[in-house]
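Here are a few friendly notes to read alongside the model. They cover the ligand and the pockets.

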Amino acid sequence: MTEVLPFARPLIGDDECAAVDAVLRSGWLATGARCREFEQALSSYFGGRPTRVVTSGTAALELALRLAGIGAGDEVITCPLSWVATANVVLAVGATPVFVDADASTRNIDLGRIEAAIGPRTRLLLPVDLAGLPVDRDRLAAIAAHHRLRVLEDAAQSIGASWRGARIGSFGDLVSFSFHANKNMTTGEGGCLVMNDVDEAHRFEKLRLQGVTRRADGSMEVDVLGGKANLTDIAAALGLVQLRRLDAFNARRRALARLYFEHFDRSLGFDLPPADFEQSNWHMFQPLLPLDRLRIGRGEFIDAMRGEGIAVGVHYPAMHLFALYRARGFREGQFPVAEDIGRRTVTLPLHAGMRDEDVVRVCDAVRRVTTAALR
Ligand SMILES: *Cc1c(COP(=O)(O)O)cnc(C)c1O
């Protein structure tokens with residue numbers, strides 16, 4: 001039996017190993033010159049906008065909400081179809097998440113339903129580019145401007161993606177990214193926030209590390225309660241190499257996604273994701289199972305695929321149905337599109353190290369497993 005094909009896998013080479021090795025031998029492991037260099041490289045990647053790195057995408061989101069002054073009594077509009085971090089950070093700062101259902105075709109927040117969810121306490125929009133497919137930034141900006149709302153883009157999955165030729169992160173308000181090991185580029189764990197100006201970046205630096213400001217004379221001041229979310233130079237060294245390779249990784253992902261569309265058997269009845277080969281960075285390839293045609297459920301499909309040597313993931317069940325959110329009054333039936341996608345979605349292998357034959361092998365396995373399970 002060949003090795004199981006994972007659904008995600010970081011692509012780490014000799015350059016990454018050498019960069020980390022050099023930091024380990026340097027005597028400076030925590031935040032230092034490599035972090036500053038990484039921030040400069042990220043900032044150039046995002047068109048010169050101020051960018052600061054932190055220990056995770058979750059930390060970037062939570063500190064961004066604090067930076068925007070979001071707290072108790074404030075409402076934040078987001079979509080229940082995301083990694084649960086997206087709404088957990090809203091709870092973490094004491095604010096209230098207000099969910100808006102997903103759009104069945106993009107699987108991102110349904111922009112047409114946002115205005116009905118805006119009330120007197122709404123302060124910020126928190127959209128997510130699921131699987132790397134960008135939310136319509138023109139409509140988003142128009143809604144935010146009309147209602148005077150801040151925007152925090154959860155772009156954890158869309159690094160290197162673009163909207164009408166402009167790279168995600170190079171425009172807008174606050175934009176957050178993740179460098180978790182399953183994302184399109186990684187620092188093991190890590191993340192960053194892109195901001196509007198150096199004043200915001202300076203306040204973010206304080207929130208990231210105990211509220212400390214260091215003065216030129218060597219003294220320091222603490223005037224806000226900051227946390228502990230500064231990145232290590234070990235991680236930053238890895239990130240510097242990965243960032244140089246990111247566009248090539250994403251080009252490879254797009255090519256593999258195209259191959260999926262060529263080889264996937266449409267007669268099986270799956271709903272394929274939007275075929276966007278221009279703007280998406282193809283963070284994931286997620287068909288929706290034709291459950292009403294099958295004698296098996298998603299768990300059995302995943303087990304059968306594993307039997308074929310292929311790992312399949314689930315990203316994500318609609319988060320308002322988790323106990324934490326049910327306890328806050330959310331119920332089944334409130335967001336039918338997100339719930340339906342959340343029940344049927346499967347993540348097939350897609351990562352930059354895959355070969356063309358791997359896609360063919362996955363499509364063949366999907367055909368065998370599905371055909372054997374048809375009613
Ligand atoms: C990965 C991810 C996060 C969180 O990033 P971490 O680095 O794991 O904390 C947040 N939102 C979305 C949509 C993600 O995919």
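Which helices each supply at least two residues of the shell around the ligand? They are α3 and α4, with helices taken as DSSP runs (H or I, at least four residues), strands as E runs of at least two, and both numbered from the N terminus.

A word on reading the numbers: this is a predicted model, in which local features need pLDDT of at least 70, side-chain atom pairs count only at pLDDT 80 or more, and totals for chains, interfaces and linings use all residues. Residues are numbered from 1 along each chain as its sequence is written, and side-chain values use heavy atoms, with hydrogens and water left out.

1. **The shell.** Around the ligand there are 17 residues, and Gly57, Thr58, Asp154, Ser178 and Lys183 come nearest; a residue is near if one of its heavy atoms lies within 4 Å. The biggest contribution, three residues, is from α3. By class, the shell has six nonpolar, nine polar and two charged residues. Here Ala, Val, Leu, Ile, Met, Phe, Trp, Tyr, Cys and Pro count as nonpolar, Asp, Glu, Lys and Arg as charged, and the others, Gly among them, as polar.

2. **Oxygen atoms of the ligand.** Thr58 places a polar side-chain atom 2.5 Å from an oxygen atom of the ligand. For an N or O atom in the side chain of Ser178, the distance to a ligand oxygen is 2.7 Å, and for Lys183 it is 3.2 Å. On its own the ligand has 370 Å² of accessible area, and the protein covers 94% of that (Shrake-Rupley method, 1.4 Å probe).

3. A pocket is an open set of points on a 1 Å grid over the protein atoms alone, where a 1.4 Å probe fits, with protein on both sides within 12 Å along at least five of seven lines; lining residues have an atom within 4 Å of a point.

4. The volume of the second largest pocket is about 450 Å³. Its lining has 29 residues, with Trp83, Ser178, His180, Lys183 and Tyr316 closest to the centre. Here too α3 (57-67) and α4 (85-92) each give at least two residues.

5. **The largest pocket.** Its volume is about 530 Å³. Among its 19 lining residues, Thr31, Glu205, Arg208, Leu209 and Arg214 are closest to the centre. The largest share, four residues, comes from α7.

Definitions and conventions:
Grid points are joined across faces, edges and corners, and a volume is the space filled by probe spheres set on the points. A polar contact is a pair of N or O atoms within 3.5 Å; within protein, one must be able to donate a hydrogen and the other to accept it, and residues adjacent in sequence count only if both atoms are side-chain atoms.
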